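I opened this entry to keep track of what I looked up, step by step.

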Amino acid sequence: MSANSFGRLFTVTTFGESHGPAIGCVIDGCPPGIALAAGDFAHDLARRATGKSRHTSQRHEADEVEILSGVYEGRTTGTPIALLIRNTDARSKDYDRIVEQFRPGHADYTYWQKYGLRDPRGGGRSSARETTMRVAAGVVAKRWLAEKFSIRVRAHVAQIGDVRPHAFDWNAVEANPFFWPDASQVGELEAFMDALRKSGDSIGARIDAIADNVPPGWGEPIYGKLDAEIAAAMMSINAVKGVEIGAGFASVMQKGSEHRDEMTREGFLGNQAGGILGGISSGQAIRCSVAFKPTSSLRLPARGLDVQGNEVEVVTTGRHDPCVGLRSVPICEAMLALVLMDQALRHRAQCGDVGDVTPRIPAGRP
Ligand code: EPS
């Protein structure tokens, strides 16, 4: 069975390949009355888009959204919302050389093993192009979460290779092409990425995604835990190889007396939990970290196989990202928002009669 739909009450199905005529999604279960227009998607889609700086793939797509259904007189109607974006700058000839070859580290081989055939152009559906529609759907979720709960979902690049921020300022994140929170390092990153691009190699990145003002109670133990579904959502993004919630793997080294977030009437005294305890939101900020592997489409020759099983030297030319993690900030935001909206609707459906339960501990430290 395919698995191209996400969510239980607020569901998103994406469709389309990187070099097909179009990509799209169908959102179902969206509450009625949310203001929505085609132009509302432009900001987040531009944050994800290729071709905005020399540090990414130079594919230039307009990414204009067509709302095909589910919106009337500027508001959602509660019926399925179909969104479509036409592909206007696919260069399939770039892939002619590797149509029958498997790029090491890419999905080429596994798609072939699974389906016995594949759309090799641009990596087909395994291309980062698919994430465009997740960002579009995430715009709806972010808006509903903000209007209903004043929830803010933000992400930033937290590491590129072994480079980490020396300082942190959210205001710096949107002001540079790296979504980097330390303005003093932008020059260093420009030089780092220029050298990397010239070398023909690629690098990984870590993204931190945070949701503020999430009320306590969201999450459905045991098998619908909020952290489990956030982790699954992030792992579904192309190139993701790891997800942490709160302290994550650092908790291995922590003592219990260090890890537990003590509670006072003024709020939690820490957030090692990343805002989730027992699979349920605690009211602290939801914090997750996502590891993106280095892009596998490299012009540096590599040993690979072709569809006949012959050993070949694989050289990938065309337009690729030296660090695909750089453009993943809006994608991680979208996936976090989509999980939160789906869980909020599920919580309201089952526990809507519970109301506010005291004591309500303030979020405390972010
Ligand atoms: C991308 C679309 C892709 C690449 C790039 C990012 O276009 P195509 O499918 O024609 O190769 O430009 O995909 C990669 C991450 C890469 O390095 O190949 C996109 O829309 O994000």
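I am working from a predicted model. I keep that in mind for every value below.

**Five-stranded sheet**

I looked up the strand order. Five strands run S1-S2-S3-S7-S4 in an open sheet, with antiparallel pairing. I then asked why one side of S1 and of S4 lacks a neighbour. S1 (5-6) and S4 (66-67) are at the edges, and each has a single partner strand, so one side of each stays without a neighbour in the sheet.

Next I took the pair S2 and S3. S2 covers residues 11-16, S3 covers residues 22-28, and six bridges join them in the antiparallel sense.

**Four-stranded sheet**

I moved on to another sheet. Four strands form it, open and antiparallel, in the order S8-S9-S15-S10. S8 (152-160) and S10 (240-245) are its edge strands; each has a single partner strand, so one side of each has no neighbour in the sheet. Neighbouring strands here are turned by 20° against each other on average, direction ignored.

S10 pairs with S15 (residues 286-292) in the antiparallel sense over five bridges. Ile245 has Cys288 of S15 as its bridge partner. Helix H6, residues 226-235, packs on this sheet and touches S10 and S15. I noted about 155° between the direction of H6 and that of S10.

**Ligand shell**

Which residues are closest to the ligand? I listed Ser18, His19, Ser57, Tyr95 and His320, out of 18 residues that surround the ligand. By class, this shell holds three nonpolar, nine polar and six charged residues.

Then I went through contacts to ligand oxygen atoms. A polar backbone atom of Gly122 is 3.1 Å from an oxygen atom of the ligand. For Arg319, a backbone N or O atom lies 3.2 Å from a ligand oxygen atom. Ser127 uses its side chain: an N or O atom there is 3.4 Å from an oxygen atom of the ligand. How much of the ligand does the protein bury? Taken alone, the ligand exposes 460 Å², and the protein buries 95% of that.

**Backbone checks**

I looked for cis peptide bonds. The bond from Pro221 to Ile222 is cis, with omega near 10°. I flagged this one for a second look, with isoleucine as its second residue. Ile222 is in the loop between strand S9 (205-212) and H6. The bond from Thr358 to Pro359 is also cis, with omega near -5°. Pro359 lies in the segment after helix H8 (329-351).

Asp63 has phi near 50°, a positive value in a residue other than glycine. I placed Asp63 in the loop between helix H1 (42-48) and S4.

How values were computed:
Residues numbered from 1 in each chain as written. Predicted model: local features only at pLDDT ≥ 70, side-chain atom pairs only at ≥ 80, totals over all residues. Heavy atoms only, no water. Pairing = 2+ DSSP bridges. Helix = DSSP H or I, 4+ residues; strand = E, 2+ residues; numbered from the N terminus. Near = heavy atom within 4 Å. Polar contact = N/O pair within 3.5 Å; in protein donor to acceptor, adjacent residues only side chain to side chain. Areas by Shrake-Rupley, 256 points an atom, 1.4 Å probe, with all protein chains shown as cover. Nonpolar A, V, L, I, M, F, W, Y, C, P; charged D, E, K, R; others polar. Axes fitted to C-alpha atoms, helices over the stretch in contact; angles between N-to-C directions. Contact = heavy atoms within 4.5 Å.
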